[in-house]
Amino acid sequence: MNDKMAGGNLETFAFQHCHNEKKPLEIYLFIDPLCPECWALEPVIKKLLIEYGRFFTLKHVLSGTLATLNIRKKQKFEALAHTWERTASRSGMSCDGSLWIENPIPAPYTASIAIKAAELQGKRAGIRFLRKLQEVLFLEKQNISEVSVLVECAKSVELDIDEFLKDLHSNSAAKAFQCDLKITAEMDVQEVPTLVFFNENIEEEGIKISGCYPYSIYVELINDMLGFRPEPVPPPPLELFLKYFKFVATKEIAVVYDLDIQEVETEMKKLQLKQVVERVPVKYGTFWRYME
């Protein structure tokens, strides 16, 4: 196995975003579940959490940027389709823009309410549900405004379905989404994705960075705010990474392990032969599903 994929032990892979201890930095990640640029940022977020997650807590905030659009006109659908295709081919995180031509989503905000409903079962539950929602949207072209699709997503990440359905139609989820929109307005977030970095000094304003940037830019920001340059935690053994995340893109593995696409393909073919993973071809590139 490639040395970069050997990694450390399980302790080094205690995913820091799930820990509750006080950390010196807090990062607000403003996203919209329908935004392809937010999807394209997934590899960078994974790498940041693994290498520097011991220094920050990550809070996902739903901005509603796309959800508030009155998406009805054919030209808007065509523009969205073009944006998805362009983002997918540039970023390596596949998304199929033909969704907006074939089966446009009539009520985008429903997905945001559903994410807040999932979060009521815990932070990790919310993160797992958001990821699954993105997968069925960008890769499978499913209509994530339909309750049946949302329920299937909830089942696949092992949420309590009765609780989820109750919360989906409750004031609690709607209020939580409204709270996110209020934070978005207060921090003057105009586009997604946007990351806002805060340190322990509550007197200081946060540092806002909008759009997708190379990984090194985010690391420099963390170093500047900490006032020193910590050593990054090495990534875990590849099989442990796959077991934890269940379903990942070749691109995500490449970013986390500092490999090129061909090197990742070589390693994943070995695991495929061992029946550790199965290959899932998508419109742009490949995803890999961990075999339980």
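The model is predicted, with local features requiring pLDDT of at least 70, side-chain atom pairs counting only at pLDDT 80 or more, and totals for chains, interfaces and linings using all residues. Residues are numbered from 1 along each chain as its sequence is written, and side-chain values use heavy atoms, with hydrogens and water left out.

Next, select β1 (residues 25-31) and β3 (residues 194-198), which run antiparallel and are joined by 5 bridges. Within this pair, Phe30 has Thr194 of β3 as its bridge partner.

**Helix α6.** Move to residues 123-138, which form helix α6; helices are DSSP runs of H or I with at least four residues. Of its 16 residues, 12 are buried (under 20% relative accessible area, 1.4 Å probe, protein chains only). Among them are Phe129, Arg131 and Glu135.

**Helices α11 and α12.** Finally, select residues 238-245 and 250-257, where α11 and α12 pack at about 130 degrees with their axes 12 Å apart. Axes are lines fitted to C-alpha atoms over the stretch in contact, with angles from 0 to 180 degrees between N-to-C directions. Show the side chains here: Leu238, Phe241 and Leu242 in α11 meet Ile253, Val256 and Tyr257 in α12, contact being heavy atoms within 4.5 Å.

How values were computed:
Two strands pair if DSSP finds at least two bridges between them. Helices (H or I, at least four residues) and strands (E, at least two) are DSSP runs, numbered from the N terminus. The expected span of a helix is 1.5 Å times one less than its number of residues. Buried means under 20% relative accessible area, exposed over 50%, partly exposed in between (1.4 Å probe, protein chains only).
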